[in-house]
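Open the model in a viewer and keep the selection panel at hand. The stops below each give a selection and then what is found there.

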Amino acid sequence: MFGRSRSWVGGGHGKAARSIHSLDHLKYMYHVLTKNTTVTDHNRNLLVETIRSITEILIWGDQNDSSVFDFFLEKNMFVFFLNILRQKSGRYVCVQLLQTLNILFENISHETSLYYLLSNNYVNSIIVHKFDFSDEEIMAYYISFLKTLSLKLNNHTVHFFYNEHTNDFALYTEAIKFFNHPESMVRIAVRTITLNVYKVDNQPMLHYIRDKTAVPYFSNLVWFIGSHVIELDNCVQTDEEHRNRGKLSDLVAEHLDHLHYLNDILIINCEFLNDVLTDHLLNRLFLPLYVYSLVNQDKGGERPKISLQVSLYLLSQVFLIIHYAPLVNSLAEVILNGDLSVFSSKIEQDIQKNSAKSSIRCFIKPTETLERSLEINKQKGKKRVQKRPNYKNVGEEDEEERGSEDNQDDLDKTKGTEASSKGIRTNSENEEIEMVIMERCKLSELSISAVTEQNTTDEEKSAAASGSEITNWNRPFLDMVYNALDCAEDDYYALFVLCLLYAMSHNKGIDPVKLERIQLPAQHAEERNSYNHVLAEGLIRIMNYAAQPDGKIRLATLELGCLLLKQLVFSKNGSIIKNVHLACLEGAREESVHLLRRFYKGEEIFLDMFEDEYRSMTIKPMNVEYLMMDASILLPPTGTPLTGIDFVKRLPCGDVERTRKAIRVFFMLRSLSLHLRDEPETQLPLTREEGLIKTDDVLDLNNSDLIACTVITKDGGQVQRFLAVDIYQMSLVEPDVARLGWGVVKFAGLLQDMQVTGVEDDSRALNIIIHKPASSPHSKPFPILQATFIFSDHIRCIIAKQRLAKGRIQARRMKMQRIAALLDLPVQPSTEVMGFGHSSAATAQHLPFRFYDQSRRGSSDPTVQRSVFASVDKVPGNGDFHCMHMRIQRKKYFEAFI
């Protein structure tokens with residue numbers, strides 16, 4: 001929609017191109033315009049090409065010749081553009097004119113040139129021209145033109161657009177009329193324009209926006225956002241079968257765009273604009289629609305409502321995105337400490353008798369459209385004696401027609417003035433109501449603080465946080481939060497409640513005192529010695545349900561619950577969790593161990609799943625911001641992978657996914673238990689990177705089993721190496737030229753990820769593939785080594801194949817034994833490593849990489865000078881290794897001698 005060709009800008013090269021970019025050619029173009037003042041079918045193409053050429057010359061002159069703009073201004077050439085537009089010359093000319101103007105202003109870099117173009121008010125006349133906006137292409141180029149102009153706004157250029165004497169700002173008022181345009185790209189452009197306007201620090205202009213446009217624009221914007229929310233809720237209610245997720249995702253993305261736009265306005269920190277916007281968001285959208293729907297699910301009432309899950313989901317997005325303190329503090333105060341009196345009170349009921357509006361906190365449609373409101377405000381502030389010249393499209397209507405309509409306009413103005421004056425009185429009354437209610441909120445805050453600041457015990461504070469000790473104080477919204485943590489049937493609502501609590505506790509704008517009233521610590525809370533017992537018990541119950549065989553707790557819910565519990569019971573000096581709660585948590589961990597035992601198998605796939613799940617959890621921890629961008633969690637939890645929903649956001653399907661879930665639950669609860677007990681993790685991961693042999697390590701290979709081979713890689717490369725097999729790894733080494741019997745590692749890979757196959761037509765060769773550990777269970781294995789190994793004879797080939805195959809089996813068996821030890825299962829230690837006997841001391845250790853620390857870098861202690869790859873059996877190849885070392889030494893000596 002916004003595509004355009006700009007290949008003609010800049011011209012070509014050579015003598016002809018240079019002659020086009022000149023003042024003389026501009027004079028010729030001016031001559032063409034003077035001869036073609038009227039647009040006809042015959043000269044339409046000529047005029048379009050002339051306008052293009054003039055634009056190209058102006059861009060060239062901006063960087064090369066200032067006399068070009070002098071001539072353009074002297075001849076008042078912009079008038080020709082206006083005349084062409086006012087002749088209603090058709091779509092083709094309008095599109096080309098808007099396109100060339102857009103490119104012209106995009107490419108002007110000097111302020112003087114820009115001032116030339118903006119002078120005489122012709123640009124404003126183009127802005128208010130009545131284009132045919134039903135044409136998508138005209139609409140696209142028009143809004144792009146406005147956006148380009150807004151990018152040029154600053155304290156100096158704003159005076160060309162905002163006229164303080166006539167109280168008019170066409171660039172802004174014409175743009176915001178398209179805030180609800182059906183095309184999303186147009187709406188995005190309008191938001192960009194408004195943000196560019198708000199960033200200009202010009203007080204008269206900002207006061208004009210506040211007084212004349214802020215209320216109508218923000219009220220219509222809030223209604224537009226709320227209408228999208230109701231449409232989103234309807235989509236959730238009618239799409240239980242996950243058949244319309246595309247539309248739902250679009251609606252969620254639109255709401256996120258709205259919130260980011262609102263946050264962008266707030267962080268500009270224009271105080272009086274923020275006050276108006278905050279008032280409308282709280283009293284026209286967040287409180288009456290989002291918060292009111294938390295406890296009032298009766299669809300039969302007069303107030304519009306949305307479902308509970310949608311309300312929690314959208315409120316979580318609000319707290320994750322918006323951090324403006326006055327807004328988020330007021331919203332959090334109602335959720336955590338408020339009651340239904342904020343929506344209907346005696347003061348409001350008295351006012352309702354004398355006011356046309358039903359309530360000050362109600363989601364209602366504005367009485368007038370934005371365009372009508374802007375027109376009324378414009379007529380109120382218009383001064384006829386100081387009319388801006390050339391502002392209206394005087395060429396589109398005859399003077400006689402305008403004169404005949406003056407009387408009707410005066411009547412309309414009178415009606416509009418009366419209506420607006422009534423609106424002013426209503427607004428002032430609403431402000432008085434607002435002040436009364438805010439005073440009531442302050443009194444309630446004082447009473448709350450008085451309760452929480454008493455010298456009470458931890459148990460009394462926790463009871464106060466849950467509201468059980470305050471009989472005269474009803475907090476329905478907070479009660480809903482606690483009740484939704486009950487996951488006996490499913491975690492549909494619990495996930496959204498956890499997200500809401502997480503978002504509120506991590507919001508930088510919320511006063512920590514408000515969170516401390518329910519003993520919910522902020523992200524960086526100070527020292528404390530108590531926590532919310534009711535919330536902690538609800539989180540532990542979620543963990544206990546997750547560890548049950550038939551538990552319907554999704555992994556995302558469990559992980560978020562673990563994050564919140566850590567935040568809840570940790571202070572600067574460590575864990576403050578009560579013993580009874582820690583015991584309950586340990587019980588849940590034991591249940592997860594028993595659950596995983598049911599899926600423990602000696603098959604190879606279990607080990608791969610175990611390590612893959614741990615790796616996935618480590619690489620990709622929970623990101624609540626991304627979770628709250630996913631529209632799929634709004635729909636009821638499903639267990640089928642056919643929906644395309646991520647595994648952690650749905651229930652498991654089949655034995656494989658149930659095994660994966662049991663593994664993840666075990667990992668999460670084990671990590672949480674160790675963290676709360678301040679104990680380090682010593683058993684996981686099964687493969688520790690710091691203990692593995694790495695490329696370029698220098699190893700002591702004396703008395704080691706080495707097999708000489710030629711490695712032919714997939715790309716045809718061929719190198720001589722020695723193959724060595726350890727407990728967990730195979731390595732390719734070459735002799736170290738500095739020390740006899742030592743080798744430099746050129747490649748190292750895990751035996752458990754290796755595939756070895758013979759070559760049919762060569763008994764001396766093996767095909768070996770080693771895969772890189774997958775970053776996720778669904779990722780395709782990536783080979784880090786894929787080569788053919790050629791040995792001296794078939795005996796060495798058979799020995800190498802046996803050692804690699806047995807090494808792979810033994811490496812996996814040892815890791816399975818370690819998993820069994822984690823699950824408190826009986827372990828039967830193997831007395832063999834790769835088929836070769838070891839001493840009982842070595843067998844008893846069964847620790848990974850036990851040889852590496854004492855031999856990798858060559859300790860000077862003679863008691864630990866032992867081989868990394870030592871074995872009682874000798875394999876042909878060691879002599880080859882020493883012979884090659886001697887040949888290298890002789891070659892170095894000979895080169896030094898020469």
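Select N329 and the residues around it. Apart from neighbours within four places in sequence, N329 is in contact with G509, I510, D511 and K514. This is a predicted model. With G509 there is a specific atom pair to display: a polar atom of the N329 side chain lies 3.2 Å from the backbone oxygen of G509. In secondary structure, N329 belongs to helix α16, residues 325-337. Is N329 buried or exposed? Its relative accessibility is 14%, so N329 counts as buried, the cut-off for buried being under 20%.

Next, zoom out to the whole protein chain. Colouring by secondary structure gives 34 helices and 14 strands. The protein chain has 898 residues, of which 51% count as buried. Among contacts with a separation of 6 or more, 73% are between residues 24 or more positions apart.

Now select residues 203-237 and 245-268, which are helices α12 and α13. Two packed helices are described by the angle between their axes and the distance between the axes. Here the axes come within 9 Å and cross at roughly 155°. What does that make of their relative direction? The two helices, α12 and α13, are therefore roughly antiparallel, since angles over 145 degrees fall in that class. The crossing of α12 and α13 is left-handed.

To show the contact, display these side chains:

- On α12: Y217, F218, L221, F224, I225, H228, V229, E231, L232, C235 and V236.
- On α13: K247, L248, L251, V252, E254, H255, H258, Y261, L262 and I265.

Coloured by class, the contact of α12 with α13 shows 15 nonpolar, three polar and three charged residues. An α-helix has 3.6 residues a turn, so residues three or four places apart point the same way. On α12, the contact includes L221, F224, I225 and H228.

Stay with α13 and move on to N269, in the loop between α13 and α14 (271-291). Check the backbone torsions: phi of N269 is positive, about 65°, although N269 is not a glycine. At 56% relative accessibility, N269 counts as exposed.

The crossing is left-handed for α9 and α11. Select M139, I143, L146, K147, S150 and L151 on α9, together with V186, A189, V190, T192, I193 and N196 on α11, to see the contact. By class, the α9 and α11 residues in contact are eight nonpolar, three polar and one charged.

Select residues 476-483 for helix α22. Six of its eight residues are buried, so α22 is largely enclosed by the rest of the structure. The buried ones to highlight are P476, F477, L478, M480, V481 and Y482.

Two serines in loops come next. S22 sits in the loop between α1 (15-20) and α2 (23-35). With a relative accessible area of 16%, S22 is buried. Show I57 and W60 as well: S22 is in contact with both, leaving aside neighbours within four places in sequence. S66 is in the loop between α3 (44-64) and α4 (67-74). At 56% relative accessibility, S66 counts as exposed.

Finish in the loop between α30 (654-676) and β5 (698-700), where P685 is found. Most residues other than glycine have a negative phi, and most peptide bonds are trans. The bond joining L684 and P685 is a cis peptide bond, with omega about -5°.

Definitions and conventions. Residues are numbered from 1 along each chain as its sequence is written. This is a predicted model: local features need pLDDT of at least 70, side-chain atom pairs count only at pLDDT 80 or more; totals for chains, interfaces and linings use all residues. Side-chain values use heavy atoms; hydrogens and water are left out. Axes are lines fitted to C-alpha atoms, for helices over the stretch in contact, and angles run from 0 to 180 degrees between N-to-C directions. Helices (H or I, at least four residues) and strands (E, at least two) are DSSP runs, numbered from the N terminus. Angles under 35 degrees count as roughly parallel, over 145 as roughly antiparallel, 65 to 115 as roughly perpendicular and the rest as oblique. A crossing is left-handed if the near helix is turned anticlockwise from the far one by less than a right angle, and right-handed if clockwise. Contact means heavy atoms within 4.5 Å. Ala, Val, Leu, Ile, Met, Phe, Trp, Tyr, Cys and Pro count as nonpolar, Asp, Glu, Lys and Arg as charged, and the others, Gly among them, as polar. Buried means under 20% relative accessible area, exposed over 50%, partly exposed in between (1.4 Å probe, protein chains only). A polar contact is a pair of N or O atoms within 3.5 Å; within protein, one must be able to donate a hydrogen and the other to accept it, and residues adjacent in sequence count only if both atoms are side-chain atoms.
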